[in-house]
Amino acid sequence: MWAFSSPMISYGDNALEYILQIRGNKAFVVADKNIVKLGLLKLVTDQLDAAGKKWEVFDEVEPEPSLITIKKGGAAVAKFQPDWVIGVGGGSVMDAAKAIILLLARPDLEPDALSPAETFNFRDKARLMAIPTTSGTGSEATWAIVLTDTVLGRKLGLGTPESMPDVAILDPVMVMGMPPLITADTGMDVLCHAIEGYTSLWGSTITDGPGLIATRRVFQYLVRAYKDGSDLEARKEMMYAATLGGMSFGNSMAGLGHSLGHALGALFHIPHGRAVGLFLPYTMEYLMNGSEETTVKYAEMARFCLGASGDDKACAKALIAAIRKLAKSLAQPLSVKDCGIDKAKYDKAIPDLVDRALNEVMTISVKRIPESEDLIKMFAYAYQGKPIDF
Amino acid sequence: MAKYATQEWCDLYKEALNKNTAWSEAAKTWEGDFYFIFEVGGPIKEPRYMYIDLWHGNCRACEMVTDTSKYKPEFIISAPYPIWKRICLKQLDSTQAIITKQSKLTGNMAKIMRYTKAANELTNTTQKLPTEWED
């Protein structure tokens with residue numbers, strides 16, 4: 001038994017006007033200071049005003065939100081008792097909104113207990129809406145919540161199928177101002193979600209579609225959105241691809257690129273999308289070298305997304321080459337060395353990197369599960385930019 | 001060959017776990033004990049209870065108990081026998097079982113998720129044990 005979950009998605013020009021149709025009287029809006037500063041929050045609160053809703057803003061979410069911030073948000077939402085919790089922002093904000101609405105239902109819990117082991121029934125109290133302002137995490141279409149335990153210095157993968165947003169609003173006006181670097185970083189995250197979701201051990205025919213389409217759209221539109229942020233078509237398509245990417249991995253599981261990328265990001269503070277995108281081609285080579293089934297799936301993607309021809313191995317290699325070419329076009333690092341990380345510091349951190357990667361669920365939901373020895377080699381190869389040959 | 005969810009099987013499992021260096025390495029900082037509860041279902045007409053105590057890469061105890069007040073473990077995982085069988089045979093991932101509520105976990109899931117490799121080795125070990133199933 002498995003399940004495919006998705007929010008109701010309102011998308012396209014003026015999609016924010018969907019807010020005029022929602023029921024209830026009070027909305028608790030979760031955001032960060034930057035969203036307020038950029039004027040994006042106002043676009044949402046204007047709609048709430050037009051709909052005659054009362055609203056309150058919690059704008060204290062930091063990148064990679066901490067358990068402490070979530071607890072603070074939980075206390076604020078308990079006081080306000082809204083009919084809606086609305087996350088307006090990138091993945092961090094949307095994840096925070098998911099955690100906060102769970103605490104509205106279960107104020108007895110600590111934020112690190114927000115897991116499938118508990119029952120929340122938050123919809124007895126309020127509904128959850130996600131409005132992304134980046135095209136990357138796909139958090140608007142997943143139930144996953146990533147929080148940071150600042151005491152242990154670790155990211156926590158939390159959430160429950162209940163924490164899937166009820167509504168996601170994809171209005172391109174929210175992403176038109178994204179700077180090129182963030183467009184590139186988050187775009188690589190989309191690609192990683194789509195490809196890893198498509199090839200996950202937990203994936204199936206039901207989850208294949210979103211991953212396949214999202215991958216094709218990234219190859220078609222990411223460079224355009226990066227080079228010309230005012231390209232409305234490219235912005236829209238990347239926004240949709242991000243949501244589809246979320247539906248892909250959120251209903252299956254991400255993979256090794258995420259495991260290694262999370263580890264690197266945690267220890268060397270490399271932005272999430274950049275880190276996972278960097279490891280994607282290396283981990284694909286590793287999987288290709290040991291999993292015929294994964295190779296076949298890469299080949300399917302290459303034929304559909306790139307028009308590749310030839311046998312499965314040739315097509316899979318073409319897909320990996322296309323990812324490296326795309327990354328280069330976006331001025332993304334092709335190796336760990338390109339990130340400016342000192343080799344001695346990196347080598348010293350490898351045991352910790354490996355330990356972190358080994359203990360990610362995403363490491364055991366692929367069709368070739370690496371042991372420590374292979375991870376050590378993968379981290380070493382990725383530093384030098386050397387393709388994986390084992 | 002031992003019948004699943006019996007003391008004989010527990011003895012074999014404890015021995016196999018303590019010989020599994022991949023598990024002991026991955027669990028070297030783990031501290032925590034469990035009740036695995038086999039709920040009525042399939043061939044099981046009465047619930048059964050297995051207590052397992054894992055400490056720093058060592059399985060200190062694995063026993064079937066009839067009186068659940070004997071221990072107060074940090075974690076309890078319960079599922080019907082057919083679900084346990086699917087988990088043990090790696091036909092069903094233990095995390096997916098919890099997500100889909102096919103099994104129920106009491107305790108801090110975030111702590112378990114920090115030891116994914118060790119948890120995976122627990123089921124790798126069960127998969128390799130010569131087990132007699134009752135259905």
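The following legends describe close-up views of the two sheets in a predicted model with chains A and B.

**View 1. The open sheet of chain A.** Six strands of chain A form an open sheet with parallel pairing, in the order 1-8-5-4-2-3. Its edges are strand 1 (8-11) and strand 3 (54-58) of chain A, each of which pairs on one side only. On average, neighbouring strands of this sheet are turned by 20° against each other, direction ignored.

**View 2. Strand 1 and strand 8 of chain A.** Four bridges link strand 1 of chain A to strand 8 (residues 167-170) of chain A in the parallel sense. Within this pair, Met8(A) stands opposite Val167(A) of strand 8 of chain A.

**View 3. Helices packed on the sheet of chain A.** Helix 3 (residues 67-80) of chain A packs on the sheet and touches strand 2 (26-30), strand 3 and strand 4 (84-89) of chain A. The direction of helix 3 makes about 170° with that of strand 2 of chain A. Helix 4 (residues 91-105) of chain A also packs on the sheet, where it touches strand 2, strand 4 and strand 5 (127-132) of chain A. The angle between the directions of helix 4 and strand 4 of chain A is about 165°.

**View 4. Strand 5 of chain A and its partners.** Strand 5 of chain A is largely enclosed by the rest of the structure, because five of its six residues are buried. Strand 5 pairs with strand 4 of chain A in the parallel sense over six bridges, and Gly87(A) has Ala130(A) in strand 5 as its bridge partner. From strand 4 the chain passes through helix 4 to strand 5 of chain A, and this β-α-β crossover is right-handed. Strand 5 also runs parallel to strand 8 of chain A, joined by two bridges; here Met129(A) stands opposite Val167(A) in strand 8.

**View 5. The mixed sheet of chain B.** In chain B, five strands in the order 4-3-2-5-6 form an open sheet with mixed pairing. Strand 4 (58-65) and strand 6 (104-106) of chain B each have a single partner strand, so one side of each is left without a neighbour in the sheet. Neighbouring strands are turned by 15° against each other on average, direction ignored.

View 6. Strand 5 (residues 75-80) and strand 6 of chain B run antiparallel and are joined by three bridges, with Ser78(B) opposite Lys104(B) of strand 6. Helix 3 (residues 81-88) of chain B packs on the sheet against strand 2 (31-39) and strand 5 of chain B, and its direction makes about 105° with that of strand 5. Helix 1 (residues 7-19) of chain B lies across strand 3 (48-55) and strand 4 of chain B, running at about 170° to strand 4.

Methods:
Residues are numbered from 1 along each chain as its sequence is written. Chains are lettered from A and ligands numbered from 1 in the order in which they are written. This is a predicted model: local features need pLDDT of at least 70, side-chain atom pairs count only at pLDDT 80 or more; totals for chains, interfaces and linings use all residues. Two strands pair if DSSP finds at least two bridges between them. Axes are lines fitted to C-alpha atoms, for helices over the stretch in contact, and angles run from 0 to 180 degrees between N-to-C directions. Two residues are in contact if their C-beta atoms, placed from the backbone, lie within 7 Å. A residue is buried if 20 or more other C-beta atoms lie within 10 Å of its own, exposed if 12 or fewer, and partly exposed in between; C-beta atoms are placed from the backbone. A crossover is right-handed if, with the strands pointing away from the viewer, the path from the first strand over the helix to the second runs clockwise.
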